[in-house]
Amino acid sequence: MSKEIELPLQFAPTLVAWQRRHGRHSLPWQNTRDPYRVWLSEIMLQQTQVTTVLGYYQRFLQRFPTVSGLGAATLDEVLAMWAGLGYYSRARNLHACAQAVREQHGGAFPRTAAALQELPGIGRSTAAAIAAFCFAERVAILDGNVKRVLTRLLAFDGDMASSAQEKKLWGLATELLPQSQDMVAYTQGVMDLGSGVCTPRAPQCLLCPVSELCRGREQGEPTKFPVKTKKLKRSQRENWWLWLEHEGQVLLQQRPAKGVWAGLWSLPLFDDEAALQAAAQGLDLGQGPGQGLETMPRIQHALTHFDWTLHTQRAELQRRPADAQFHGQWVARERLADYALPAPLKKMIQA
């Protein structure tokens with residue numbers, strides 16, 4: 001992309017006026033300048049729909065009303081509250097960030113985007129959102145929704161898979177900013193536009209307040225923006241769970257600190273059915289009708305990079321196994337919800 005881009009000077013004032021009249025104003029993390037609440041919402045909203053976040057956000061604040069309280073909690077407590085929201089690295093970074101704010105900043109968030117970006121798990125766009133909403137700093141955000149709005153507005157055909165082109169868009173986003181007194185309305189407005197009007201596949205150009213300024217619409221193909229040549233390749237994965245139960249208690253094992261479901265509690269997981277069957281040979285399953293392994297419904301679970309098929313075999317044990325591969329915690333069924341469980345396991349338990 002070599003051509004110079006002429007910026008539409010009326011974009012910011014038009015967007016600010018529209019947001020004040022027609023934008024969202026009633027979300028629970030709006031109308032506040034508390035950086036803890038804004039930060040929490042920004043992290044939860046990464047790759048998660050607003051409707052899903054609403055309940056989690058309220059429950060999280062009830063359990064951890066302050067950033068210092070969140071920092072003082074254990075990671076297991078945080079993961080248990082997060083369970084079901086997915087992308088669990090966000091929860092681990094959330095906890096690490098809260099600890100840093102509590103221990104290094106006396107429980108108060110830094111007041112600039114540059115300083116906020118030094119905290120664990122806070123990237124450039126999230127730092128800018130906190131600084132703009134809470135401290136009216138004149139700084140641009142550039143999450144997925146905003147990239148879509150601005151690349152369509154400007155007919156920006158640089159490849160977003162290129163760091164150089166993304167850097168160029170950051171510069172243009174900064175040039176488009178209004179004066180600092182309008183930063184809250186502007187920042188919320190560009191988010192609202194991306195989430196409700198300038199949608200990925202069916203942009204509502206007739207309802208868009210800046211349609212007359214939009215070069216993507218003018219060219220007749222706004223959905224070709226943003227341009228990104230690097231496509232996500234999905235793979236398939238298949239594993240087997242072993243549900244072991246003894247006298248009303250279920251065996252849970254904590255996942256490693258890295259990888260899928262890091263730090264969560266899960267049933268013993270096997271690479272294939274043969275490995276599960278081999279492990280089950282030494283279990284005391286009892287004799288007679290109703291004993292042995294019971295096949296439970298298969299689960300299909302979609303993650304960012306792959307589709308996961310999970311099979312589950314359940315066994316009622318006469319006694320707990322002594323085998324080291326079955327180390328873990330035996331948890332009463334009624335207390336399973338207190339643990340940070342992967343979403344598909346949580347659904348299976350509640351079924």
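A cavity is a set of points, on a 1 Å grid over the protein atoms alone, where a 1.4 Å probe fits but cannot get out, and its lining residues have an atom within 4 Å of a point. Grid points are joined across faces, edges and corners, and a volume is the space filled by probe spheres set on the points.

This is a predicted model, in which local features need pLDDT of at least 70, side-chain atom pairs count only at pLDDT 80 or more, and totals for chains, interfaces and linings use all residues. Residues are numbered from 1 along each chain as its sequence is written, and side-chain values use heavy atoms, with hydrogens and water left out.

Two cavities of 30 Å³ or more are present. Residue classes in the table count Ala, Val, Leu, Ile, Met, Phe, Trp, Tyr, Cys and Pro as nonpolar, Asp, Glu, Lys and Arg as charged, and the others, Gly among them, as polar.

| Cavity | Volume | Lining classes |
|---|---|---|
| Largest cavity | About 140 Å³ | eleven nonpolar, two polar, two charged |
| Second largest cavity | About 70 Å³ | ten nonpolar, one polar, no charged |

Of the 15 residues lining the largest cavity, Arg152, Cys198, Cys205, Cys208 and Cys214 lie nearest its centre. Helices here are DSSP runs (H or I, at least four residues) numbered from the N terminus. The largest share of this lining, three residues, comes from α9. The lining of the second largest cavity includes Val146, Leu150, Tyr186 and Val190; its largest share, four residues, is supplied by α11.

Helices α9 (residues 144-154) and α11 (residues 183-197) pack at about 85°, with axes 8 Å apart. Axes are lines fitted to C-alpha atoms over the stretch in contact, and angles run from 0 to 180 degrees between N-to-C directions.

Methods. Helix = DSSP H or I, 4+ residues; strand = E, 2+ residues; numbered from the N terminus. 1 Å grid on protein atoms, 1.4 Å probe; cavity = no way out; pocket = protein on both sides within 12 Å on 5 of 7 lines; lining within 4 Å.
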